[in-house]
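Biologist: I'd like to learn how to read the inside of a protein model. Could you walk me through it?

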Amino acid sequence: MALVLSVLEQGFIYTILALGVYITYKILDFPDLTVDSSFPLGAAVCVVMIKAGINPYITLPVSFLAGGVAGLVTGLIHVKFKVRDLLSGIITMTILYSINLHITGSQANVPIFSDDNIFTLSPFADKLGEYNKVVVIFVIMLVCKILMDLYLKTKSGYLLRAVGDNETVVTVLAKDKGIVKIVGLVIANALVALAGCVMCQDQRFFEISMGTGTIVIGLASVIIGTNVFGKLSFIKTTTSVIIGSVIYKACVAIAIWLGLAAIDMKLITGALFLVILVLSNFRKAGADND
Amino acid sequence: MKKFLSIMLASAMALTMLTGCGGSKAGEADAQTDIKVADNVKIGIAQFAPHGSLDNCVEGFKQGLAEAGYVEGENLEIDFQNAQADMANTNQIAQSMVAENVDLICAVATPMAQAAYNAAQGKIPVIYTAVTDPVAAELAKEDGSGVGNATGTSDKLAVEAQLEMIRKFQPDAKTVGILYTTSEANSVSAIEEYKSLADNYGFEIVESGISQSADIPMAAADLASKVDCISNLTDNTVVSSLPVLLDAAKNAGIPVYGSEIEQVKNGCVATEGLDYISLGKQTGAMAARVLQGEAAESIPFETISEYSLYINSEALAALGMDCPEDLKANALEAAETE
């Protein structure tokens, strides 16, 4: 049971991140590597505020905003300076590494074991016991998902989807597609930093290297979710991202539980990726032939 | 409502998937308890990264347990996991060991120790090792006593002894270079200590920070050209690329001092330093005490009890250097030790 709870906890935290990756990768078709640094950015902002004695719940919106700024930088580099998408993300990611260390006062590892966090201060802490964490994370994740669903229905959200599908539509509507892209990147990285903030309070320490490979987890969750469950019309895409994220974490947990050699973990992740992509391509090809 | 249903469906799926496997495992464990003698224990060893010094720690830890009567394969079952320096893995490994309900978790290196401590929530004893500063990592209180069911050993460097040794090897040296990774908390705190003690021995510390191993060739060459010698830390990234640093120092004609025996074996000239195998052994002995019922937090964390001078005569000779006479008697040839 403890293992299930841990998978759900981790899965829901990474869902917040995957919702962000979903915007950049799936909607905007923008491979955004900023994520690897905006995730620890959220965590860095979080520990500094907690160490300063600020209410842990305030860290959530502040991390969210900090991530938004990171996304804004990537967006401006890409749109205003016309740097290729992949490179703009890499540039921001690199810069953020130093910024993150500056935020924490050049400490690469900041523990917050002895401080209160969103879980210890949760109103359900006493009643729920061991389920407290997963419930708190679930609520935060659900709020993000619902807000995102609502946003995608607004005019701005509609334009966002249009940029990814067909940029000309946006131009025809006399809208600046650059601005729409920047908005997408801002929201995406805000979500990623929020995930970093929650993750940091879950593990109760900040570690500068905690962002390494984050983009892979985000992409894996999005791809698993949208390819396996995206075809079912009664499931919203954001919901399939949640499922994808939990499945990904479950796979990792099973790999550890089976005692697979740690050196093989990445191999298994890669293979899982490939299988899902190939299967969904086959399905697509089958549908096209019909 | 539809949304809620689909989310619940997702959770339910994940649940069945895992309890499906989890159930059978719990069953096995129950079956085993029946035939268990009192002393049979299962522990988890969680290592943060694959790395010579940390491997030695684990090796020593097993020896320490064996000396106290816990022999792997006889009355001791070990679940060994390595997080490959990936933070997401680190948390999941810690949580899976807690879910397995092992009798004790041995966590190697700071992030792993913190993740294990967080996951165990005091329910399972965590014995850490290779944590340079347990107090800064909030794994121990200021007075050295443990926090919630955790204790262990620190691999704090003998900075003072090391500086004294360098002074004896190179009476005329003015500057000591240190290459470190800005993301490694252990290195940052070691440099602080070097800086605070350097004056006492008439040295100036020249530090060079890198952010990834790809930066090492340039940073090493630059550093080697500016200083009279280099003192190497236990920085994971730098140690993994030690040959690059040694090469740069060789080109500049200056010696590199190590911080533990393995580094001296690999070409550093000398160290007043750690032997991770004995650090591991010491940790293993602590773990045995906890397994026999002592409360982890009642045991203060320990630093290595003795440091030794290890030298590499071949590397010294290549630089036209020799071990100072007054140190010779106690110096151990690194290559000849176990």
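Modeller: Let's go through the cores, a helix and a strand in turn. Keep in mind that this is a predicted model.

Biologist: Which residues have the most contacts inside the largest nonpolar core?

Modeller: A core here is a set of buried nonpolar residues joined through C-beta atoms within 7 Å. In this model the largest one has 154 residues, and B:I105 and B:A116 have the most contacts inside it. The element that gives the most to this core is helix 9 of chain A, residues 177-203, with 17 residues. Apart from that core lies another, of 43 residues, including B:Y180 and B:I210.

Biologist: What does B:A116 touch, leaving out residues up to four places away in sequence?

Modeller: B:A116 touches B:A46, B:A94, B:I105, B:A107 and B:V126.

Biologist: Back to helix 9 of chain A: how many of its residues are buried?

Modeller: To call a residue buried, look for 20 or more other C-beta atoms within 10 Å of its own. By that count, 24 of the 27 residues in helix 9 of chain A are buried. From first C-alpha to last, this helix reaches 39 Å, close to the 39 Å expected at 1.5 Å a residue. Just after the helix, A:R204 takes a positive phi of about 60°.

Biologist: Why is strand 5 of chain B largely enclosed?

Modeller: Because five of its five residues, 150-154, are buried.

Biologist: And how does strand 5 of chain B pair with strand 4 and strand 11?

Modeller: With strand 4 of chain B, strand 5 pairs in the parallel sense over three bridges, and B:V126 has B:A150 as its bridge partner. Strand 11 of chain B also pairs with strand 5 in the parallel sense, over two bridges; there, B:T153 is partnered by B:E302.

Notes. Residues are numbered from 1 along each chain as its sequence is written. Chains are lettered from A and ligands numbered from 1 in the order in which they are written. This is a predicted model: local features need pLDDT of at least 70, side-chain atom pairs count only at pLDDT 80 or more; totals for chains, interfaces and linings use all residues. A residue is buried if 20 or more other C-beta atoms lie within 10 Å of its own, exposed if 12 or fewer, and partly exposed in between; C-beta atoms are placed from the backbone. Helices (H or I, at least four residues) and strands (E, at least two) are DSSP runs, numbered from the N terminus. Two residues are in contact if their C-beta atoms, placed from the backbone, lie within 7 Å. The expected span of a helix is 1.5 Å times one less than its number of residues. Two strands pair if DSSP finds at least two bridges between them.
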